[in-house]
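Reader: Could you walk me through this model, from its overall layout down to single residues?

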Amino acid sequence: MNTYKSFLTEEEKKENRKEYLETNKDILREYNKEYYETNKEKTQEYYKEYYETKKNTILVKKKEKVTCQCGCNVVKNGLKRHERNKKHINLMNQIQ
Ligand SMILES: [Zn+2]
């Protein structure tokens, strides 16, 4: 495939793409709408199922606790925030 297109610069390609989108705006919009309408239920079903299966894992993960260097039990998700709070800093100063 040695078309003239392979000689286009990145900038020109971007420009072409913009032009393409602009010219086909309505078609694309229509297409997206149609696509969304046909797949709406499927997508919603999929996400619902995905969420249901993941729910427990997500909840467990959110509550998962770790012991910080300072000795505090901290929710894993909040460890970074905990490391910045005074309690942690004070305890760390006492340890050192
Ligand atoms: Zn700590």
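The questions and answers below go from the overall layout to one helix and its residues.

Author: Happy to, with two notes to begin. Residues are numbered from 1 along each chain as its sequence is written. This is a predicted model, where local features need pLDDT of at least 70, side-chain atom pairs count only at pLDDT 80 or more, and totals for chains, interfaces and linings use all residues.

Reader: What radius of gyration does the protein have?

Author: The radius is taken over C-alpha atoms, and the globule rule is 2.2 Å times the number of residues to the power 0.38. For a compact globule of 96 residues that would be near 12 Å, but the protein has 26 Å.

Reader: How far apart are the centres of domain 1 and domain 2?

Author: The domain bounds come from an automatic or database domain assignment. Domain 1 covers 9-63 and domain 2 covers 65-96. Taken over C-alpha atoms, their centres are separated by 40 Å.

Reader: What share of the 96 residues is buried?

Author: A residue is buried if 20 or more other C-beta atoms lie within 10 Å of its own, exposed if 12 or fewer, and partly exposed in between, with C-beta atoms placed from the backbone. Helix α2 lies largely in the open, because the number buried among its 39 residues is zero. For the protein, the buried share is 0%.

Reader: Is glutamate 34 buried or exposed?

Author: Glutamate 34 sits in helix α2 (residues 25-63). Because 10 other C-beta atoms lie within 10 Å, glutamate 34 is exposed.

Reader: How far apart in space are glutamine 44 and isoleucine 58?

Author: Glutamine 44 also belongs to helix α2. In sequence, glutamine 44 and isoleucine 58 are 14 residues apart. In space, C-alpha to C-alpha, they are separated by 19 Å.

Definitions and conventions:
Helices (H or I, at least four residues) and strands (E, at least two) are DSSP runs, numbered from the N terminus.
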